[in-house]
Amino acid sequence: MSPTSFFSRPLARALAAGACVTIALAGCGKSGGDTDKADFSAEPSGTLKTLGYNPDDEVGKSRSDYAAQQLSDVDVQMDTSSFDPQKFVALSASGNVPDVVQMDRSAIATYAQKDLIMPLDACFDAQSVDPAKHWYPAIVQEVTVDDDVYAAPQFFQPSMIIMNKRLMEQAGVTEDMLDTSDPEAFVSTVEKMAKLDGGKPIQLGFDPDVPGSMVQWFHVFGGAESDESGAPTLDSPENVKAMEWLKRLMDAQGGYAEVTSFKQTWDVFGDENQYVTDATGGGIWGQWYLNVLAGTKDDVDIVTIPMRDSQGQPFAMSGGSALAIPTNAKNPTAACAWIVDATSDEAWAAAGDARAKTVETDGGFNTGLFTGVPAADQAVREAHVTETGDADFDQSITAMYDVLDHPVSRGASPVGATIDEAVANAAGAAMNGDKTPQQALTDAQATAQAEYDKIAK
């Protein structure tokens, strides 16, 4: 699966939420699988069944092809449908689970807590893979529960601020005025770029992506959605400050409801996107959005700026998917080998080559491949990412790569889906003025904590 085919945050949240509901209804406890009997060092053979991995583009196909080539005695059978929590839990209950499953990283801790997926430390040891060295440590944390690593992460596309230089120049705004570590000045800067007509926005100064990027904003203010144990921390003073600030930012641009309504008119993925039409001064986007904007390169003027925390340090935060092995998998030996091969430097190199051929055919820019594997990221960059001839995109691509030196983890919580849903509900209530930010997050914390107390025992 390519970076551009990731679940959106709302969809990932909905799928994970469905997982929690289904697990609760199924009354899942320990699955009873004996992972100690898995011989990960044996020669892989037999049939390997996967669920959720869809090689629907050159990046996904080249990686799965590479893994299959390394396992000549294994018959790989793929269920390429998207991960379905209800289907997975039903298969787990029946004992007819796939051998490899791909899911959003935010769901890993939930399934690990219910013993529906197995820890992979023995697998990685047998394959001579050190997770902390192979992947960015920040994303390994997202698939780690009680010091055990439960999945192989895929992709790490940092979210950054992509600004519209035309509107910045018109408003007299410079890059240094868009420093999130100075939130008060940031609001004033956004107000310079925002335009209202009858109280309704006709040009946003900045789209903070609420509720989708709430976790990033929590981090800006020194907060987080959960602690190191996975317990929710939604009503922390830092998180409350973040939500209060976002409320002011939205109100300065016409209010949350009006901003949301205005955004629905944007042609986000088309030739008349919001940067082409000057509908916004900028916003938060993942690295993949550079590929969209590259299609309208002659009509946009952009600059990319990292988000910074309260100490002024840039940081990269990103969601993504992961590959796991169900506890009762029938062929864990082949599953382990396939997962390691599909996320190896060699597989990513093949993906980089395939992506380069596609870019060459399409005549676009090669913005790189952000794999979640530092060595692979660098290798693909050196092999395929060259100057584009467009100074704005060269700057943006470089900025995206530079921020990879500062990765930050979202953490792992067995109630991650409940936390995300509670945060989204709190953001809506606070932004619309139905509750104060403090009350909204207090209620969100109560909801998430109640779920945590039930299952995190």
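**Exercise 1.** Over which ring does the charged end of lysine 297 sit?

*Solution.* Start with the rule: a charge sits over a ring if NZ of Lys or CZ of Arg is within 6 Å of the ring centre and within 35 degrees of the ring normal. For lysine 297, the ring is that of phenylalanine 365, with the charged end 5.6 Å from its centre. Arginine 63 likewise has its charged end over a ring, that of tryptophan 348, 4.0 Å from the centre.

A word on the model: it is predicted, so local features need pLDDT of at least 70 and side-chain atom pairs count only at pLDDT 80 or more, while totals for chains, interfaces and linings use all residues. Residues are numbered from 1 along each chain as its sequence is written, and side-chain values use heavy atoms, with hydrogens and water left out.

**Exercise 2.** Find the disulfide and describe its handedness.

*Solution.* Look for a pair of cysteine sulfur atoms within 2.5 Å. Cysteine 123 and cysteine 336 qualify, with their sulfur atoms 2.1 Å apart. Next, take the angle about the S-S bond: at 95°, this link is right-handed. Finally, check accessibility: cysteine 123 and cysteine 336 are both buried (under 20% relative accessible area; exposed is over 50%, partly exposed in between; 1.4 Å probe, protein chains only).

**Exercise 3.** Classify the pair of tryptophan 285 and tryptophan 288.

*Solution.* Rings of Phe, Tyr and Trp (its six-membered ring) pair if their centres lie within 6.5 Å; planes under 30 degrees apart are stacked, over 60 edge-to-face, the rest tilted. The structure holds 20 such pairs. In one, phenylalanine 83 and phenylalanine 88 have centres 5.6 Å apart and planes at 55°, so they are tilted. Tryptophan 285 and tryptophan 288 lie 6.1 Å centre to centre with 85° between the planes: edge-to-face.
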